[in-house]
Amino acid sequence: MATSTIFHIGIDLGTSQSSIVTSTGKRLSTKTCVGYPKDVISHKRLNKDYLLGSDALKNRLSLDLVWPLAKGVISDDKKSKEATQLVLQNLINLTLPKIKKSDKVYAAIGVPALASVKDKKTIISITENFIDKIIIVSEPFAVAYGIDRFDECLIIDIGAGTTDLCRMYGSIPTEADQRSLTEAGNFLDKEIMNAVWEQYPEVQLTPQIIQWIKEKHGYVSDNSDPAIVTLTKNGQPDSYDITEILHKSCLKLSDAIGNAVQSLVADFDPDFQEKLRNNIIVAGGGSRLMGIDKAIEKSLDNYGGGKATCIQDVEFCGANGCLKMCQEMPEAYWDKI
């Protein structure tokens with residue numbers, strides 16, 4: 001009789017990027033998108049029914065792209081559910097290629113805080129053929145679990161579709177301890193694109209160009225080097241100064257986050273507000289935005305000040321927390337889920 005091995009995996013299922021960490025030491029990150037051939041020519045050229053992640057983006061002109069969690073929740077249509085299933089299956093296949101039929105896969109999956117009970121049921125349903133036992137948790141809680149921060153602290157996870165905030169204080173957070181904002185990475189991309197077009201209406205922009213600009217030049221601090229970028233107008237390249245455009249757009253994101261931080265501090269137990277203010281941890285892709293930690297601290301000037309720190313392992317901090325939770329979950333508890 002074949003022996004059975006239990007593999008534990010942690011997955012951060014994000015709006016734009018999804019990551020996996022396994023008990024075998026494998027780590028992998030991919031774009032959360034699936035591309036389907038537009039027509040018979042594109043299907044003949046690619047010779048595949050679909051492409052995933054970066055392969056889909058490289059061939060996007062001949063594909064219909066599906067971003068199943070574009071709004072922070074799984075879109076309620078067959079194609080989006082199928083795409084989510086393909087993304088999750090692909091992550092597992094690439095990191096656990098030698099898994100046998102007798103083996104078991106236990107998974108903890110971090111999802112945006114906006115994900116409802118319905119979304120969680122959808123994930124359980126679409127993974128039943130390749131995940132044996134599953135826990136689904138909010139991404140900021142997964143971050144906290146991964147870095148052992150269960151004392152009074154505030155986790156801010158700035159993703160593409162949502163910015164999720166969660167107060168920690170030694171027990172499982174309630175709904176009142178969390179905020180979920182649509183002001184996040186995708187929101188900022190739209191703000192930058194619209195602002196650039198307002199000032200330079202004839203330049204040619206794509207989501208990929210805007211994302212590159214944001215990642216290279218985006219900032220919310222009071223001072224920054226000039227952001228001079230090369231853009232095309234009717235195919236002809238030229239230099240454009242978008243320093244002020246970027247600053248104003250980025251402030252719309254940081255101001256929204258600052259307001260949510262103020263709200264979570266203001267209605268917290270007053271004996272512990274100071275500790276909460278001085279233990280703010282910023283995670284997610286948006287934590288790379290230059291000066292975001294200082295902007296959050298500045299939002300607390302009228303509350304006695306604060307201290308924010310950006311996490312180092314941005315890409316895998318959520319998946320690491322999910323794996324840790326998965327490995328530490330008592331066997332008896334799995335049977336109750």
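**Questions on a predicted protein model**

Q: Is Phe 150 buried or exposed, or something in between?
A: Phe 150 counts as partly exposed, because its relative accessibility is 30%. Buried means under 20% relative accessible area, exposed means over 50%, and partly exposed lies in between, with a 1.4 Å probe and protein chains only.

Q: What sort of model is this?
A: This is a predicted model, in which local features need pLDDT of at least 70, side-chain atom pairs count only at pLDDT 80 or more, and totals for chains, interfaces and linings use all residues. Residues are numbered from 1 along each chain as its sequence is written, and side-chain values use heavy atoms, with hydrogens and water left out.

Q: What is the mean pLDDT of the chain?
A: The protein chain has a mean pLDDT of 90, and 97% of its residues reach 70 or more. The term pLDDT stands for the predictor's confidence in each residue, from 0 to 100.

Q: Where is confidence lowest, and where is it highest?
A: Confidence in the protein chain is lowest in helix H12 (residues 331-334), with a mean of 74, and highest in strand S15 (residues 280-283), at 96. Where pLDDT is low, the predicted coordinates should not be read in detail.

Q: How many helices and strands are there?
A: The protein chain has twelve helices and 16 strands. These are DSSP runs, numbered from the N terminus: helices are H or I with at least four residues, and strands are E with at least two.

Q: And what is the radius of gyration?
A: The protein chain has a radius of gyration of 21 Å, close to the 20 Å that the globule rule gives for 337 residues, so it is as compact as a globular protein of that length. The radius is taken over C-alpha atoms, and the globule rule is 2.2 Å times the number of residues to the power 0.38.

Q: How much of the chain is buried?
A: Buried residues make up 51% of the 337 residues in the protein chain.

Q: Back to the rings: how many aromatic pairs are there?
A: The count is four aromatic pairs. Rings of Phe, Tyr and Trp (its six-membered ring) pair if their centres lie within 6.5 Å; planes under 30 degrees apart count as stacked, over 60 as edge-to-face and the rest as tilted. In the pair of Tyr 145 and Phe 150, the ring centres are 5.3 Å apart and the planes are at 75°, so the pair is edge-to-face.

Q: Which residues form a cluster?
A: Phe 141, Tyr 145 and Phe 150 form one aromatic cluster. Tyr 145 is buried, with a relative accessible area of 16%.

Q: Why is the pair of Tyr 200 and Tyr 240 edge-to-face?
A: Their ring centres are 4.9 Å apart and their planes are at 65°, so the pair is edge-to-face. Tyr 200 lies in the loop between helix H6 (185-199) and strand S12 (203-204), and Tyr 240 in strand S14 (residues 236-241), so the pair ties together parts that are 40 residues apart in sequence. Tyr 200 and Tyr 240 are both buried.

Q: How many disulfides are there?
A: The count is zero, where a disulfide is a pair of cysteine sulfur atoms within 2.5 Å. For Cys 166, the nearest cysteine sulfur is that of Cys 153, 8.2 Å away.

Q: What does Lys 275 touch?
A: Lys 275 touches Asp 151 and Glu 152, not counting residues up to four places away in sequence; contact means heavy atoms within 4.5 Å. Lys 275 is in helix H9 (residues 273-277).
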